[in-house]
Amino acid sequence: MATNLGSTRYPFLLAFLFLVLLQTRVSCYQYKVGDLDAWGIPTSAKPQIYTQWSRYHTFKIGDSLLFLYPPSQDSVIQVGEESYNSCNLKDPILYMNNGNSLFNITAHGEFYFTSGEQGTCEKKQKLYISVISGNGSAYSPSYGPSALPETSSSYPTVFGAIPQPPSSSPSPLSYPVFMAALTGFSVSVLVGGIM
């Protein structure tokens with residue numbers, strides 16, 4: 001008898017939970033370093049492309065950086081701050097050279113990358129990013145290697161204005177949080193009716 005009673009409500013419950021899960025937003029992103037310019041020696045038209053690019057992105061744990069480049073001509077290395085500033089390519093933390101290099105962000109802090117090819121770091125083929133901390137605040141790029149004036153853009157604004165990052169003020173109750181609360185209430189009512 002108990003299985004008959006439950007079997008009529010379980011498909012409804014499972015369908016409802018499935019729909020709620022579809023509403024959940026995945027908040028991890030894969031960023032193509034340099035956007036349309038990819039990974040290479042900056043041109044004279046855009047000498048600070050990577051500095052500007054990192055300024056207009058907010059990174060967090062779970063995100064990843066995709067470096068695209070011809071594997072026979074370039075590579076990417078992760079280095080420390082001192083090596084980044086002096087363009088020292090010896091003893092990198094990480095070496096990637098497949099032309100489709102993916103760096104997964106797994107910790108908070110500051111990360112420094114440069115080309116592994118001799119002489120390209122001095123030509124500004126290097127990238128500094130900071131990853132937001134656990135409390136939602138970001139390490140300020142204003143003191144790091146990517147300090148730029150507020151008016152800089154990472155690429156021509158042919159598609160309209162570049163959206164500004166959201167303010168750090170707390171937002172009102174968001175839709176996913178509301179849906180999670182509603183789901184919890186609904187599940188408790190349904191389970192209470194089954195039992």
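**Burial, strand pairing and cores in a predicted model**

Biologist: Is Phe59 buried or exposed?
Modeller: The relative accessible area of Phe59 is 1%. The cut-offs are under 20% for buried and over 50% for exposed, with partly exposed in between (1.4 Å probe, protein chains only). At 1%, Phe59 is therefore buried.

Biologist: From which pLDDT do side-chain atom pairs count?
Modeller: Residues are numbered from 1 along each chain as its sequence is written, and side-chain values use heavy atoms, with hydrogens and water left out. This is a predicted model, in which totals for chains, interfaces and linings use all residues, local features need pLDDT of at least 70, and side-chain atom pairs count only at pLDDT 80 or more.

Biologist: Where in the fold is Phe59 placed?
Modeller: Helices (H or I, at least four residues) and strands (E, at least two) are DSSP runs, numbered from the N terminus. By these terms, Phe59 lies in the loop between helix H2 (49-55) and strand E2 (64-68).

Biologist: Which residues does Phe59 touch, not counting those up to four places away in sequence?
Modeller: Contact means heavy atoms within 4.5 Å. Phe59 and Gln30 are 29 residues apart in sequence, with 9.7 Å between their C-alpha atoms. The residues that Phe59 touches are Tyr31, Trp53, Ser54, Leu65, Ile105, Ile129, Ser130, Val131 and Ile132.

Biologist: Which residues have the most contacts inside the largest nonpolar core?
Modeller: A nonpolar core is a set of buried Ala, Val, Leu, Ile, Met, Phe, Trp, Tyr and Cys residues joined through side-chain atoms within 4.5 Å. In soluble globular proteins, nonpolar side chains tend to be buried together. The largest core here has 19 residues, and those with the most contacts inside it are Leu65, Phe67, Phe113, Leu127 and Ile129.

Biologist: Which residue is the bridge partner of Gln78 in E6?
Modeller: Two strands pair if DSSP finds at least two bridges between them. E3 pairs in the antiparallel sense with strand E4 (residues 94-96) over 3 bridges, and there Val76 stands opposite Met96. E3 also pairs in the antiparallel sense with strand E6 (residues 109-115), over 4 bridges. In E6, the partner of Gln78 is Phe113.

Biologist: Which strands are the edges of the open sheet of 3 strands?
Modeller: The order of this sheet is E1-E2-E5, with mixed pairing. An edge strand pairs on one side only, and the two are strand E1 (30-32) and strand E5 (100-104).

Biologist: In E5, which residue is the bridge partner of Ser64?
Modeller: E2 and E5 pair in the antiparallel sense over 5 bridges. Within E5, Ser64 has as its partner Asn104.

Biologist: Which residue forms a salt bridge with Asp63?
Modeller: A salt bridge is a side-chain nitrogen of Lys or Arg within 4 Å of a carboxyl oxygen of Asp or Glu. The whole structure has 2 of them. One joins Lys46 and Asp37, with the closest N and O atoms 3.0 Å apart. In the other, with closest N and O atoms 3.7 Å apart, the partner of Asp63 is Lys60.

Biologist: Does Asp63 count as buried or exposed?
Modeller: Lys60 is partly exposed because its relative accessible area is 21%. Asp63 has 0% relative accessibility, so Asp63 counts as buried.

Biologist: Which residues does Thr120 touch, not counting those up to four places away in sequence?
Modeller: Thr120 sits in the loop between E6 and strand E7 (126-131). With a relative accessible area of 8%, Thr120 is buried. The residues in contact with Thr120 are Ile41, Ser115 and Gln125.

Biologist: What percentage of the residues in the protein is buried?
Modeller: The protein has 4 helices and 7 strands. Of its 195 residues, the buried share is 35%.
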